[in-house]
Amino acid sequence: MTTTVTPGRTDRAGSGESVGTKDARGRLPRIPDRIRHGGLPYLLLLPAVVLELLVHLIPMVIGIAMSFRQLTQFYIRNWGQAPWAAFDNYRVAVDFDAPIGRALLHSFYVTCLFSVLAVGLSWLFGVAAAIMMQENFRGRGLLRAVFLTPYALPVYAAVITWAFMFQRDNGLINHVLHDQLGLTDQPSFWLIGDNSFVALVVVAVWKSWPFAFLILMAGLQNIPRELYEAAAIDGAGVWQQIRKITLPSLRPVNQVLVLVLFLWTFNDFNTPYVLFGRAAPEAADLISIHIYQSSFVTWNFGSGSAMSVLLLLFLLLVTAVYLLLTSRGRKTADA
Amino acid sequence: MPRPPSSPTAPPRSFRWTRRIVLTFLSAFALLPVYVMLSSSLKPLQDVSGKFQWIPSGFTIRPYIDIWDTVPLARYFLNSLVVAGAATVLSVVIAVFAAYAVSRYRFRGRRVFTVTVLSTQMFPGILFLLPLFLIFVNIGNTTGIALYGSRGGLILTYLTFSLPFSIWMLIGYFDSIPRDLDEAAMVDGCGALGALFRIVVPAAVPGIVAVAVYAFMTAWGEVLFASVMTNDTTRTLSVGLQGYATQNDVYWNQVMAASLVVSVPVVAGFLLLQRYLVAGLTAGAVK
């Protein structure tokens with residue numbers, strides 16, 4: 001373990017340790033310095049590793065195991081007793097001619113479209129705001145606080161407010177669209193039927209663009225000022241500077257940002273759950289809600305787990321392809 | 001950092017007008033629900049049940065009094081405070097230790113650790129919700145430690161939600177603190193932990209504050225696990241707030257008042273500390 005440490009470091013750390021053992025003797029058993037040095041990082045990591053194992057990794061393994069069983073409410077107390085189902089749960093989930101498979105496929109389409117739209121718009125708003133606020137002007141600090149407010153609001157409080165705004169009879173949206181602008185003949189329903197998709201995208205964008213703004217704003221601060229000064233001396237205007245300096249410099253930040261936004265949006269449960277309640281309308285039946293319903297409403301955990309595993313595999317695939325494509329793109333751009 | 005306005009390249013009119021329009025639109029978009037929340041929370045019930053009014057016809061603070069009786073809001077509030085507070089403290093401490101190890105030591109498994117921790121961010125919550133639910137139920141049945149339905153179970157769950165991002169951000173932050181500083185401290189007789197607490201932690205306060213803000217917000221706003229893992233006595237705000245909407249009449253003015261009340265602590269805290277978050281991101285994550 002200590003072999004990976006450069007000699008210079010070992011020496012210095014070693015001399016530090018030999019002094020340090022004096023006051024540390026009470027707490028730690030006396031063991032040779034090299035081993036202590038080797039063991040310390042693992043000790044520091046231990047709490048994080050144990051918790052990650054308990055809450056994320058072991059449940060995930062169990063979840064995969066559960067997906068191969070016929071796990072209904074009768075077996076919840078001892079899920080190990082549930083009958084083995086081999087690939088039955090998966091077969092049902094991907095049988096697109098049967099109702100369950102068709103519903104899952106539909107939910108998958110809806111989620112893909114939703115994610116692309118929500119991530120695209122969130123990124124666009126975020127990058128526009130970050131660039132427009134790169135330069136100092138009066139009221140910039142205040143505006144920044146305003147923009148970050150949707151991010152700071154607790155999801156449920158904000159989404160309940162949107163649900164109120166989208167009410168048919170007493171909501172703000174219909175008041176503006178129907179009563180004030182006269183765009184519709186009838187006040188529309190926003191939280192049921194096809195319109196619910198629009199409502200969902202609007203709320204999701206509202207909620208996630210400030211995050212894009214926050215990250216991009218931080219990214220912009222790492223662009224050296226000299227680049228802009230040099231460009232200005234060469235006669236480049238503001239728009240050209242944005243196109244030639246700002247956007248290319250943000251590439252690495254964008255790579256991670258878009259991926260994170262996509263994963264969060266694709267897995268989003270909170271927004272549709274608070275906006276529509278347990279039964280999401282078909283047009284806005286996001287995949288997390290769909291799986292949640294198939295598991296907790298019908299108490300069929302086996303099939304719910306199989307769907308979750310399929311979802312995870314899809315996300316892994318998308319992430320791998322995305323990283324491959326964007327990394328290669330970056331390399332060729334640099335060359 | 002921004003160029004001073006007197007720089008030779010004062011932005012042209014086209015840019016200034018675009019900026020005005022874009023920023024106005026985004027401000028309106030961001031603040032619209034806040035306005036609805038605030039104005040509706042001060043309206044009498046008949047006003048929020050009828051057509052929406054931009055300007056309330058009458059003001060009343062009645063909703064702010066009634067919210068505490070319609071649902072046990074105070075208890076939900078306390079539960080949320082305990083859960084989010086404990087999850088934040090634990091998450092920050094654990095993240096500081098882990099980030100210090102990764103930032104300052106080269107050891108076998110270092111890369112595996114960072115990659116694994118980060119990739120847990122990708123898991124759909126729904127995938128480990130079901131098994132975690134079963135694990136908690138089974139631990140309760142076999143050992144008598146009530147995790148399912150208890151605040152402890154929720155604290156444990158929430159602290160791991162913010163852990164990956166916290167570790168990731170703190171690694172970047174610690175990396176930006178010169179190594180010579182803590183090595184000098186070690187030479188002067190501090191142990192490795194002494195160097196961490198006397199040198200690295202004080203120098204990384206902005207990053208740690210940012211991580212704490214993030215952890216608190218994550219725990220305060222979570223809905224999915226709270227809806228499954230809590231019962232009547234341990235219910236947190238994220239689920240409890242829906243209590244106003246299950247009756248035949250939805251008391252929208254009370255819903256808005258309650259939303260505002262539960263938002264104020266986090267929004268105020270966030271806006272006060274947001275500059276640390278930006279500083280922390282600039283130094284740590286976004287590099």
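Tutor: In chain A, 41% of the 335 residues count as buried. This is a predicted model, where local features need pLDDT of at least 70, side-chain atom pairs count only at pLDDT 80 or more, and totals for chains, interfaces and linings use all residues. Residues are numbered from 1 along each chain as its sequence is written, while chains are lettered from A and ligands numbered from 1 in the order in which they are written.

Student: How many helices and strands are in chain A?
Tutor: Chain A has 14 helices and zero strands, counting DSSP runs numbered from the N terminus (helices are H or I, at least four residues; strands are E, at least two).

Student: Switching topic, how many residues of chain A are in contact with chain B?
Tutor: 95 residues of chain A are in contact with 90 residues of chain B. Contact needs C-beta atoms, placed from the backbone, within 7 Å.

Student: And which helix gives the most to that side of chain A?
Tutor: Helix α2 (residues 33–66) of chain A does, with 17 residues.

Student: What ipTM does the predictor give the complex?
Tutor: The ipTM is 0.86, and the pTM is 0.84.

Student: What about chain B, what pLDDT does it average?
Tutor: Chain B averages 84, and 93% of its residues score at least 70; pLDDT is the predictor's confidence in each residue, from 0 to 100. Over residues 3–8 of chain B, pLDDT stays under 50.

Note on methods:
Contact = placed C-beta atoms within 7 Å. Buried ≥ 20, exposed ≤ 12 C-beta atoms within 10 Å, placed from the backbone.
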